[in-house]
Amino acid sequence: MTDLLALVVQQSVNGVYLGCLYVMVALGLTLIYGVLNQINFAHADFVTVGAFAALFTATRFATKVLGLPDTGAYLLSMVAALGAGALLGLAVNAAVFAPLRRGDELRPLIATIGVSVLIENGQLALFGPIPYQFDSPFSRETIRIGRIFFSAQSVLVVAVSAAAIAALYAFMRFTFLGKALRAVAQDRETAGLMGINPNLVIALTIIIASALAGMAGALLGPVVVLTPFTGASLIVKAFAIVIIGGFGNVQGTIIAGILVGIIEAFTVQYLGSGLIDLVVFVLLLVMLVLRPTGLIAERKEENV
Amino acid sequence: MSKSFGGVRAVQNVSIEVPENSIYALIGPNGAGKSTLLNLLSGIYQPDAGSLYLENKPLIGLPAHRRVRLGIARTFQKIRLFKQLTLLENVLAGFHIHQDAPFWKSLFYGDTGRFRDEARELLEFVGLADHAGERAGALPYGQQRMLEIARALATRPRLFMLDEPAAGLNAAEVEFLLKRLEQIGGRGVTVVVVEHNMDLVMNVAQRVFVMDHGEPLFEGTPREVQANPAVIEAYLGGEFQ
Amino acid sequence: MAALPWLITTPYWRGILVLCAMNVLLALSLNLVLGYTGQLNLGQSAFFGIGAYVSTILVKTYGWNFWLASLAAVGAAGLLGLALAAFAVRLRGHYLAIASLGFAVITYQVLINWENVTQGVRGIYGILPPVGSTTALFYLVAGIAVLVYVLLDNLVRSPIGDTLRAIREDEISAASLGINGAIWKAFAFGLGAAIAGLAGCFYPGFVGTLVPDAFNIVESFTMMAMVIVGGMGTMIGPVIGAVVLTFLPELLRGFGELRLMIYGLALMLVVLFMPGGMVQAWNTLRKRLA
């Protein structure tokens with residue numbers, strides 16, 4: 001394998017696995033938008049909360065209190081992160097989205113900005129600004145195929161995200177609740193007339209989306225620099241992904257997520273990690289200028 | 001003109017000529033393309049094909065806000081008022097194209113109250129003068145419709161187009177609206193009314209243009225339209241009296 | 001207000017007064033775009049930063065006079081505001097919010113990475129304020145804030161204000177009245193950006209050093225909190241919001257760290273329960289008492 005080819009494949013592999021992480025984060029965002037037409041600005045902060053929950057569960061609770069081995073501890077911490085995300089979703093829905101259901105459509109966005117600031121600085125007060133070291137038993141192991149290296153963590157990430165996406169897909173296609181979700185996403189009023197309780201479905205969607213975010217945090221913790229403000233840079237990428245893929249468009253989000261991951265991998269390789277945010281957001285602005293509704297979504301003319 | 005939306009031919013090869021200084025009605029069953037045509041005339045949509053002139057001035061390519069300066073005004077099917085503003089403020093906003101005070105005057109003197117009196121007159125005209133200081137969003141539906149008319153009149157149009165103004169109005173309100181439209185027409189303004197309600201059209205319009213399925217169907221006086229078999233068929237079971 | 005610097009003798013609190021005056025300017029600038037023109041602009045921190053950096057670099061690296069440098073900085077900020085307006089013309093609501101956020105992030109990243117010019121995260125040191133004492137600086141900035149307030153107040157009472165609010169309420173029917181949304185949005189964004197840039201000119205001199213982190217997107221949220229908590233779409237609202245949110249965290253002394261938490265919480269609560277902010281609260285109170 002030539003050097004260049006090896007490099008390209010390596011970065012592509014990195015990109016795919018990063019992308020899967022981002023997909024898990026962005027998926028929740030797009031689900032919430034699909035069903036509610038709202039953006040949860042605090043979504044990436046749910047990820048951070050999930051990461052911290054996982055960290056403390058794995059390092060303090062599971063190993064010290066329960067005496068579990070590292071692997072078990074880590075898996076338990078993923079569950080904890082999922083739970084933390086779900087709880088946050090429940091709380092934010094009850095506090096922000098449900099009360100503001102009828103009203104100016106931008107108020108919830110502003111309110112969730114407030115939630116985001118609150119969560120980030122609450123974590124700052126609790127955990128301090130210094131980055132936390134989160135080692136999962138998988139992040140230390142490296143696997144090698146030919147000249148390509150990747151960590152066991154990345155395999156786990158891809159596996160879990162693929163499983164999550166498959167589960168989500170099955171859920172939406174085959175369960176009643178999933179179909180109800182799609183119905184509400186398409187036309188809330190009509191769904192209501194058909195006996196579906198939209199508020200319940202919306203609440204459930206938010207909880208699922210937030211749980212996904214939380215779990216993404218458990219997977220992400222060992223990979224990124226973990227500080228209370230990790231969410232701030234993450235939300236940037238999540239927005240880029242959702243816009244490129246199209247708000248509310250699940251398939252688009254998946255493709256866009258992988259794309260952004262790959263772009264990031266190559267940016268880090270050739271331009272250095274400091275410029276990632278810049279590149280991603282320039283891409284975002286370009287997308288917004290060219291095709292605000294996403295690569296795949298269709299345009300809708302405003303009904304006058 | 002022709003206009004399609006993603007495969008749906010909303011308006012196809014419609015040729016329409018509105019005589020100046022008349023009250024002209026545009027009718028047709030639901031989905032006939034009347035609103036789309038109005039949007040094409042007012043500049044919200046640009047046609048896929050065709051041409052458009054106001055007294056020999058071409059309008060194609062001209063965006064909506066520019067057409068207002070040529071004297072075209074309109075109201076909307078779904079009332080679009082400035083809900084948080086008062087009635088007076090709504091109408092004052094309508095004088096935008098007549099505001100020619102230099103920027104520094106706005107910066108140093110603020111409100112000159114220039115069109116205030118004329119705004120009040122317009123409110124008087126639609127019977128809302130007593131509510132001038134109230135929030136527009138608080139008005140009952142019928143009065144909102146009249147406010148929208150007053151606001152559009154503030155632009156001092158020569159061509160005034162209304163999109164289903166009578167929708168949602170009770171009989172008394174329709175009566176009031178009709179009288180006002182006649183008065184507006186009497187002042188030399190060309191009025192085009194898109195309407196579903198045949199009563200309105202018959203009593204007020206001088207000529208009627210009928211559309212169906214995006215295509216022109218018939219054009220003539222109200223009498224002629226009422227008697228035309230193709231029109232009757234298109235409206236099969238509709239509100240023909 | 002003129003007497004304040006005499007009443008308050010601690011240098012620390014005098015400094016807070018200067019900061020308050022700056023925040024008032026920033027809140028007024030955002031309110032023009034957000035409150036009066038209805039554009040969800042999350043990128044105001046970019047203009048604050050441009051004002052700070054352009055003026056400082058012109059003075060320190062090129063030896064310009066402070067006032068000329070500030071003029072140039074305000075112009076630069078205004079131009080950047082027009083650039084953002086180009087996005088606002090095509091985008092609404094959520095999309096604009098994200099685009100403006102992107103704008104702010106990109107500007108921030110440029111400030112960090114363009115080290116040759118901005119010194120990046122190392123920062124620029126030894127910046128002198130245009131006037132000697134903190135008290136004098138307060139009078140300067142507060143005086144400018146008062147002037148801007150009066151001019152903006154005139155502006156929103158004039159037909160221009162009617163036009164901007166029409167765009168806020170319903171852009172389509174505004175167009176049907178002859179209002180060119182694009183031009184007026186450009187006006188609002190440009191002017192708002194220029195005012196934020198103006199505030200930025202005084203910031204580095206006040207603090208003494210200049211680092212990009214002071215112009216993080218959190219600043220945008222802070223400004224937004226001030227505008228909304230005070231009362232969006234009124235003139236006095238942003239002033240109240242700026243004063244309250246500058247002093248409140250300081251007064252709750254032990255909780256200085258929690259300043260941002262307070263902003264976040266205040267923003268949430270106001271949006272949920274009193275969207276018109278403190279101005280609305282005040283009006284409701286007056287009606288109840290009458």
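Predicted model: local features only at pLDDT ≥ 70, side-chain atom pairs only at ≥ 80, totals over all residues.
# Briefing: a hairpin, a mixed sheet and an all-helix chain

I143(A) sits across from F150(A), a residue of strand 2 of chain A. The predictor assigns the complex an ipTM of 0.88 and a pTM of 0.89.

**Chain A: the hairpin**

- Strand 1 (residues 142-145) and strand 2 (residues 148-151) of chain A run antiparallel and are joined by four bridges.
- Two residues lie between these strands in the hairpin, where G146(A) adopts a positive phi near 65 degrees.

**Chain A: helix 4**

- Helix 4 (residues 107-127) of chain A has 21 residues, which at 1.5 Å a residue should span 30 Å; the C-alpha atoms at its ends are 30 Å apart, so the expectation and the model agree.
- This helix is mostly covered, with 15 of its 21 residues buried.
- G128(A) follows helix 4 of chain A and has a positive phi, near 80 degrees.

**Chain B: overall build**

- Chain B contains ten helices and ten strands.
- Its radius of gyration is 19 Å, which agrees with the value near 18 Å that a compact globule of 241 residues would have.
- Along the principal axes, the C-alpha atoms of chain B fill a box of roughly 60 × 40 × 35 Å.
- Of the 241 residues in chain B, 42% are buried.
- Taking contacts in chain B between residues at least 6 apart in sequence, 67% link residues at least 24 apart.

**Chain B: the six-stranded sheet**

- Six strands of chain B form an open sheet with mixed pairing, in the order 6-7-8-3-9-10.
- Strand 6 (72-74) and strand 10 (215-220) of chain B are the edge strands, each pairing on one side only.
- On average, neighbouring strands of this sheet are turned by 20 degrees against each other, direction ignored.
- Within the sheet, strand 7 (residues 159-163) and strand 8 (residues 190-195) of chain B run parallel, joined by five bridges.
- M161(B) has V192(B), in strand 8 of chain B, as its bridge partner.
- Helix 7 (residues 171-186) of chain B packs on the sheet and touches strand 3 (23-27), strand 7 and strand 8 of chain B. The direction of this helix makes about 150 degrees with that of strand 8 of chain B.

**Chain C: overall build**

- Chain C has 14 helices and zero strands, and its pattern along the sequence reads α-α-α-α-α-α-α-α-α-α-α-α-α-α.
- A compact globule of 290 residues would have a radius of gyration near 19 Å, and chain C agrees with its 19 Å.
- The C-alpha trace of chain C spans about 55 × 45 × 30 Å along its principal axes.
- Buried residues account for 59% of the 290 residues of chain C.
- For contacts in chain C between residues at least 6 apart in sequence, 76% connect residues at least 24 apart.

**Chain C: confidence**

- The average pLDDT of chain C is 88, and 95% of the residues score at least 70.
- Helix 10 (residues 181-207) of chain C has the highest mean pLDDT among the elements of the chain, at 94, while helix 1 (residues 4-7) of chain C has the lowest, at 62.

Notes:
Residues numbered from 1 in each chain as written. Chains lettered and ligands numbered in written order. Rg over C-alpha atoms; globule rule 2.2 N^0.38 Å. Buried ≥ 20, exposed ≤ 12 C-beta atoms within 10 Å, placed from the backbone. Contact = placed C-beta atoms within 7 Å. Pairing = 2+ DSSP bridges. pLDDT = per-residue confidence, 0-100. Expected span 1.5 Å × (residues − 1). Axes fitted to C-alpha atoms, helices over the stretch in contact; angles between N-to-C directions.
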